[in-house]
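Here's a quick briefing to read alongside the structure. Keep the 3D view open and look up each spot as you go.

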Amino acid sequence: MTSLNDVARALVAPGKGILAADESSGTIKKRFDSIGVESTEDRRRAYREMLFTTAGAEGNISGVILFDETIRQQASDGRSLVQVLDDTGIIPGIKVDKGTTPLASAPGELVTDGLDGLRARLVEYRELGAKFAKWRAVIDIGDGLPSSYCIDVNAHALARYAALCQDEGIVPIVEPEVLMDGDHSIDRCSVVTTDTLHAVFDALLAQRVQLDGMLLKPNMVIAGKQNRAGKASPDHVGAATIACFRDVVPAAVPGIVFLSGGQSDEEATANLDAINKLGPHPWNVSFSYGRALQAAALSAWQGDDANAAAGQKAFLHRARMNGLARDGKWTPDAEKAAG
Ligand code: 13P
């Protein structure tokens, strides 16, 4: 029988990382709006089929996070999209949180919904083929924010979710995202990320989560988008990120898979590469990107099946570049050569 640890380690195998294709209905509509395409069930299905049938992607993509609608959809050849992934050796996963909602008595702060009925949904998703799951909590940096109340409540929910997943034989990806919106410095991001991760690991341990059967999906330590000092260099991001994680993330965790969070495609690759060039680290350090793996493919596709080959080429290129970065082997030249 495959253990939680086997699945977690397979998701962070050398040269590989995760595609986050679990945009909720609202988020995928925003993505489609950006290319002027109406978000219908058929177009969402066609777009995801294009990504999942990209020949060669399995060389750099270990798993895909699906949305509830997608895990129930079929490819044009009649196979379920889950079967398509299974047949290619890519592990299917599922987003199980129900998005964010305003946190009571905490103006401007959010908590993630979805614990009610979660065990029953996990059982169903497991039957549909999901081997791992994702839950995203959002921490915003602002004037006097985040509150420790917001961090603690979100950490508690992440741990409840993770414990339930493991009880049902599903590997939890624990995602506390400190947003890069705002004008905060990289140092402020480091402090808030450290506080958040402390609270998350305290909650995970208190709730008996098996650390070697989960993955952590955090933000990198990075300046806010509107920070006056501008973007920090990849070397700076790498050093700040690793300093923070070495302090807080137990070595028992098999992998850290970063979200891209609004970084440009190449920035997300260069920063991941810089982090891995500082290795070896106690954990595997890889990616679980949504936008930074999909933006080029989405724009090449334009909602038209006739452009599927162009979309797949763009996706494969980003998958390869991030596969190199996951091993600290990326160079700007590799980007040009393969582009
Ligand atoms: P981004 O890489 O676009 O931030 O998405 C990753 C993700 O899954 C956020 O929950």
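**Loops and a cis proline**

Pro146 sits in the loop between S6 and helix H7 (148-167). Helices (H or I, at least four residues) and strands (E, at least two) are DSSP runs, numbered from the N terminus. The peptide bond that leads from Leu145 into Pro146 is cis, with omega near 5°.

A word on the background: this is a predicted model, where local features need pLDDT of at least 70 and side-chain atom pairs count only at pLDDT 80 or more, while totals for chains, interfaces and linings use all residues. Residues are numbered from 1 along each chain as its sequence is written, and side-chain values use heavy atoms, with hydrogens and water left out.

- You'll find Pro280 in the loop between helix H10 (265-277) and S10.
- Ser105 isn't a glycine, yet its phi is positive, about 60°. Look for Ser105 in the loop between strand S4 (100-102) and S5. Ser105 counts as exposed because its relative accessibility is 75%. (Buried means under 20% relative accessible area, exposed over 50%, partly exposed in between, using a 1.4 Å probe and protein chains only.)
- Arg208 isn't a glycine either, and has a positive phi of about 65°. Arg208 belongs to the loop between H8 and S8, and is exposed, with a relative accessible area of 79%.
- Gln302, which follows H11, has a positive phi near 60°.

**The barrel**

- How do the eight strands close into a barrel, and in what order? The order is S1-S2-S3-S6-S7-S8-S9-S10, and the pairing is parallel. (Two strands pair if DSSP finds at least two bridges between them.)
- Strands of a sheet pair through backbone hydrogen bonds, either parallel or antiparallel.
- Strand S1 (residues 17-20) pairs with strand S2 (residues 61-66) in the parallel sense, over four bridges. Ala20 stands opposite Ile65 in S2.
- S1 is also joined to strand S10 (residues 284-289) by two bridges, again running parallel. Here, Leu19 has Tyr289 in S10 as its bridge partner.
- Strand S8 (residues 215-216) runs parallel to strand S9 (residues 255-258), and two bridges join them. Opposite Leu215 you'll see Gly255 in S9.
- Helix H8 (residues 186-206) lies across strand S6 (132-139), strand S7 (171-178) and S8, running at about 150° to S7. (Axes are lines fitted to C-alpha atoms, for helices over the stretch in contact, and angles run from 0 to 180 degrees between N-to-C directions.)

**Two helices side by side**

- Helix H3 (residues 41-52) and helix H5 (residues 81-88) pack at an angle of about 5°, and their axes are 10 Å apart. That makes H3 roughly parallel to H5. (Angles under 35 degrees count as roughly parallel, over 145 as roughly antiparallel, 65 to 115 as roughly perpendicular and the rest as oblique.)
- Which residues meet here? Arg48, Glu49 and Phe52 in H3 meet Leu81, Val84 and Leu85 in H5. (Contact means heavy atoms within 4.5 Å.)
- By class, the H3 and H5 contact has four nonpolar, no polar and two charged residues. (Ala, Val, Leu, Ile, Met, Phe, Trp, Tyr, Cys and Pro count as nonpolar, Asp, Glu, Lys and Arg as charged, and the others, Gly among them, as polar.)

**Aromatic rings**

- A search of the whole structure finds six aromatic pairs. (Rings of Phe, Tyr and Trp, its six-membered ring, pair if their centres lie within 6.5 Å; planes under 30 degrees apart count as stacked, over 60 as edge-to-face and the rest as tilted.)
- One of them is the tilted pair of Phe32 and Trp301, 5.6 Å centre to centre with 55° between the planes. Phe32 is in helix H2 (residues 25-33) and Trp301 in helix H11 (residues 291-301), 269 residues apart. Both Phe32 and Trp301 are buried.
- Tyr47 and Trp301 have ring centres 5.0 Å apart and planes at 35°, so this pair is tilted. Tyr47 lies in helix H3 and Trp301 in helix H11, so the pair ties together parts 254 residues apart in sequence.
- Ring pairs link Phe32, Tyr47 and Trp301 into a cluster.
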